[in-house]
Structures are given as C-alpha cells and as structure tokens.
Amino acid sequence: LTFVEDLGAFPIWVVNIGIALDNYVPQAQLQPWIDSAINSIQYANGDSTTTWGKVRIQNGHPAPFNMSIIALGNENCGGNFDKFHIYNSYYSIFASAIHEVYPDVRFVANCDVNLPLVDIFDYHQYTSTPWFIENYQYFDNITRKGPTVFVSEYAVIDGCGKGNLNAAIGEAAFSVGLIKNSDIVEMASYAPLFVNVHDD
C-alpha cells in the first residue's frame, strides 16, 4: 500500500475468495476468508477506533489509504472443475458481506458481469502481435449499460522473447483502442510493467 502511495496511484485490493487453480474452499468454510477480506479493508481505511485501523496507525501510517476498489478473485474461470458457477456463488457471498460493512466500495469481477454488485469487469489478454493489431477495436461495440472494464493484464507473449519492436507495435495499437474507448475502459495496466528481465 505504501508503494502505491509513493507512486501517486490508488490501490486496488485483490481478495482471494477461496478459489485456487485446481481446487477451492468448501462454501461452509468461507467465513474466515470473508473476515480476512473485511479486516484488510479496515486495516487500509479504518480509523483509530477500529481494531485494524489502530494496527495501521501503530505501524506508522496514521492516514487511511482510502482503498475503494476491491477485486474479488483473479482468473477464476475455466480449469478442471466448474469454476464459473463456483465463482459466481462465492463472488455473491463475498460482495454481499463486504458491501454490508463498506457500502461505498466498488467491486471488480473476473467471470460474469451479470452478477449483483459488479461495478467493473476484469479483462486479461496474453497473445500475439497480429491479434492485438486486428482487435484494437475490441471494445468499440461493448455495451455501455453494464459495468465498466479494467484491462488489468495485457501483453504480447508470442514470439517476442522478453520484448521487441514487433510486440511493442501490437501493444501500442491495442492501447489506442483502450484510450478511444475510455468511456467504458475505466483503467488499464500493462502486465510486464514491473518485470525484472534479469530474473531467470
């Protein structure tokens, strides 16, 4: 959180809602995960009268971080079990519980935009330069009546090694489309932004 603050950015907290790559927490055992999510928001935003806000202050950060966007899960669709329906169920459970305590928090979903309390849809794309160039208009025809879009991960990964001009042209073309559709694409972040190219 302090790193985000140092950058002059705002935090988006990604909450683990009990779904992993190959398995998930049974629904009856989710309460500690829900409590942890709510406590983490209290740590970021709470004042000295709250348990976790007091801990943040004791840790040397008296001002709240004003965290207002929470992503519920990450890349939770597909896989070797019916993640889509499990995600929808778990998303609703977490969003309802958090919303009850923090009604002003906005939620990011990564599977289904038709759920209650979805403010932003999380979109990822890792592919080739031709795809990015051919699809720079990808968001032109997205409905403007639902959630906005956060393109939180995108990059050319095919045939570019650790990056080259060809990949940069594809990503730039796609970025033009994101900017052109900024009425629906609320945020975007380039996936390799903080990659350490020396980390093999």
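Visitor: What is the relative accessible area of W131?
Guide: The model is a predicted one. A residue counts as buried under 20% relative accessible area and as exposed over 50%. W131 falls between these limits and is therefore partly exposed, with a relative accessible area of 21%.

Visitor: Does F174 count as buried or exposed?
Guide: The limit for a buried residue is under 20% relative accessible area. F174 has a relative accessibility of 1%, so the residue counts as buried.

Visitor: Which residue in β2 stands opposite V15?
Guide: Strand β2 covers residues 69-72 and runs parallel to β1, to which four bridges join it. Opposite V15, the residue in β2 is L72.

Visitor: What kind of aromatic pair do Y24 and Y90 form?
Guide: The ring centres of Y24 and Y90 are 6.4 Å apart, and their planes stand at 75 degrees. Planes over 60 degrees apart count as edge-to-face. The pair of Y24 and Y90 is therefore edge-to-face.

Visitor: How many residues apart in sequence are the parts that the pair of Y24 and Y90 ties together?
Guide: Y24 belongs to the loop between β1 and α2 (31-45), whereas Y90 belongs to helix α4. The pair therefore ties together parts whose separation in sequence is 66 residues.

Visitor: What is the relative accessibility of Y90?
Guide: Y24 counts as partly exposed at 39% relative accessibility. Y90, in contrast, counts as buried, because its relative accessibility is 3%.

Visitor: What kind of pair do the rings of W131 and F174 form?
Guide: Their centres are 5.9 Å apart. Their planes stand at 50 degrees, so the pair is tilted.

Visitor: How many residues apart are W131 and F174?
Guide: W131 is in helix α5 (residues 129-134), and F174 is in helix α6 (residues 165-180). The pair links distant parts of the chain, and the separation is 43 residues.

Visitor: At roughly what angle do the axes of α2 and helix α3 cross?
Guide: Two packed helices are described by the angle between their axes and the distance between the axes. The axes of α2 and α3 (residues 51-58) come within 7 Å, and the crossing angle is roughly 45 degrees.

Visitor: Which residues of α2 and α3 make the contact?
Guide: The two helices are oblique to each other, and α2 passes α3 in a right-handed crossing. From α2 the contact residues are N39, Q42, Y43, A44 and N45; from α3 they are T51, W52, G53, V55 and R56.

Visitor: What is the phi of E75, about?
Guide: E75 is placed in the loop between β2 and α4. Its relative accessible area is 45%, so E75 is partly exposed. Although E75 is not a glycine, its phi is positive, at about 50 degrees.

Methods: Residues are numbered from 1 along each chain as its sequence is written. This is a predicted model: local features need pLDDT of at least 70, side-chain atom pairs count only at pLDDT 80 or more; totals for chains, interfaces and linings use all residues. Side-chain values use heavy atoms; hydrogens and water are left out. Two strands pair if DSSP finds at least two bridges between them. Rings of Phe, Tyr and Trp (its six-membered ring) pair if their centres lie within 6.5 Å; planes under 30 degrees apart count as stacked, over 60 as edge-to-face and the rest as tilted. Buried means under 20% relative accessible area, exposed over 50%, partly exposed in between (1.4 Å probe, protein chains only). Axes are lines fitted to C-alpha atoms, for helices over the stretch in contact, and angles run from 0 to 180 degrees between N-to-C directions. Angles under 35 degrees count as roughly parallel, over 145 as roughly antiparallel, 65 to 115 as roughly perpendicular and the rest as oblique. A crossing is left-handed if the near helix is turned anticlockwise from the far one by less than a right angle, and right-handed if clockwise. Contact means heavy atoms within 4.5 Å.
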